[in-house]
Amino acid sequence: MMENQETIVTTNNANPGIRSVDVNRGVEWLVGGFKMVFKTPGVWLLVGLAFLIGSWILGKFWLGSALSTAFGIVFTGVMMRACQSLESGQDFATGLKETFSSAPLWILGLIGAALSFAIVLVVGLLGVGSVTVGAVSPGAFGSMLGLSFLLLFALGFVLYSALWLAPALVVLQRVNPVDAIRLSLMASLRNILAYIVFGLLAMIACILGALPLGLGLLVVFPALMCASYLAYKDMFGA
């Protein structure tokens, strides 16, 4: 059941509202995502394969984490358009070319890549600091290392929250990238319980999907993209 809706005005005159949702929606998003995939399994398996191959290739390069983040954002944005097309009875490929060439989506990808690199850099510097401190005071090494992991988790959580729904906002509501990041973070925090439930279930699904030689991820990753589309619709009333 939907609750209150908070109106946010963005700088490009888009006017999405943030809705509060029940905690059980975190479960329903994931279930709904798998249902969407199983309606047209062939095309979504190809999507999962393309995503896995692209992420694997980019991960081999220097700054692979940042490149993979940018790729994931752009790829997700294109799939948001595909989800909308399928839901409205259109062909899967409708509008995908235009979406892929969208400058705001690529800008969002570059911002995400920069933020990802910044987090890795900060945590890396803390790691080096931990080793340095450990050489002087071995007893402090564990505390510094623990602080590094805690900071990595906190920054990673904020980054994922800020980027989770941003591709959908940029592609489907033409919100500018900076406002999309802000709105995604606000929506995630406003619906923190449903978000945490979804995140935990998504993590379990990824672990289970990785067990059979990773083949299950061909289904899990597309399902998570579809689930994110459903979450976007819930929280922004699209």
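Modeller: Buried means under 20% relative accessible area, exposed means over 50%, and partly exposed lies in between, with a 1.4 Å probe and protein chains only. This is a predicted model, in which local features need pLDDT of at least 70 and side-chain atom pairs count only at pLDDT 80 or more, while totals for chains, interfaces and linings use all residues. Residues are numbered from 1 along each chain as its sequence is written, and side-chain values use heavy atoms, with hydrogens and water left out.

Biologist: How many helices and strands does the protein chain have?

Modeller: Helices (H or I, at least four residues) and strands (E, at least two) are taken as DSSP runs and numbered from the N terminus. Along the sequence the pattern reads β-β-α-α-α-α-α-α-α-α-α-α. The protein chain therefore has, by these DSSP runs, ten helices and two strands.

Biologist: What percentage of the residues in the protein chain is buried?

Modeller: The protein chain exposes about 12,100 Å², of which carbon and sulfur atoms supply 74%; these areas come from the Shrake-Rupley method with a 1.4 Å probe, and for residues only the protein chains shown count as cover. Of the 238 residues in the protein chain, the buried share is 44%.

Biologist: Which exposed residues sit on the face of helix 9 turned away from its buried side?

Modeller: The buried residues of helix 9 are Ala194, Tyr195, Phe198, Ala202, Ala205 and Gly209. Seen down the axis of helix 9, these buried residues fall within an arc of 95°, so they line one face of the helix, the arc being that of the directions from the helix axis to the C-beta atoms. The face turned away from that buried side carries the exposed residues Leu193, Ile207 and Leu208.

Biologist: How far apart are the end C-alpha atoms of helix 9?

Modeller: The expected span of a helix is 1.5 Å times one less than its number of residues. Helix 9, with 19 residues (192-210), should therefore span 27 Å, and this agrees with the model, where its end C-alpha atoms are apart by 27 Å.

Biologist: Which salt bridge partner does Asp234 meet, with 2.4 Å from N to O?

Modeller: A salt bridge is a side-chain nitrogen of Lys or Arg within 4 Å of a carboxyl oxygen of Asp or Glu, and the structure holds four of them. The pair in question links distant parts of the chain, with Asp234 in helix 10 (residues 217-236) and its partner 209 residues away in helix 1 (residues 25-39). Both residues of the pair are buried. The partner of Asp234 is Arg25.

Biologist: Which residue forms a salt bridge with Glu87?

Modeller: Glu87 lies in helix 3 (residues 64-87), and its partner, 146 residues apart from it, lies in helix 10, which again links distant parts of the chain. Glu87 counts as partly exposed because its relative accessibility is 43%. The closest N and O atoms are 2.6 Å apart, and the partner is Lys233.

Biologist: Which helix gives the most to the nonpolar patch?

Modeller: Patches are made of residues with over 30% relative accessible area and no salt bridge, like charges being joined within 9 Å and nonpolar side chains (Val, Leu, Ile, Met, Phe, Trp, Tyr) within 5 Å. The nonpolar surface patch here covers about 1,300 Å², and its residues include Leu46, Trp56, Phe61 and Leu125. The elements that give two or more residues to the patch are helix 2 (41-59) and helix 5 (103-136). With five residues, the one that gives the most is helix 2.
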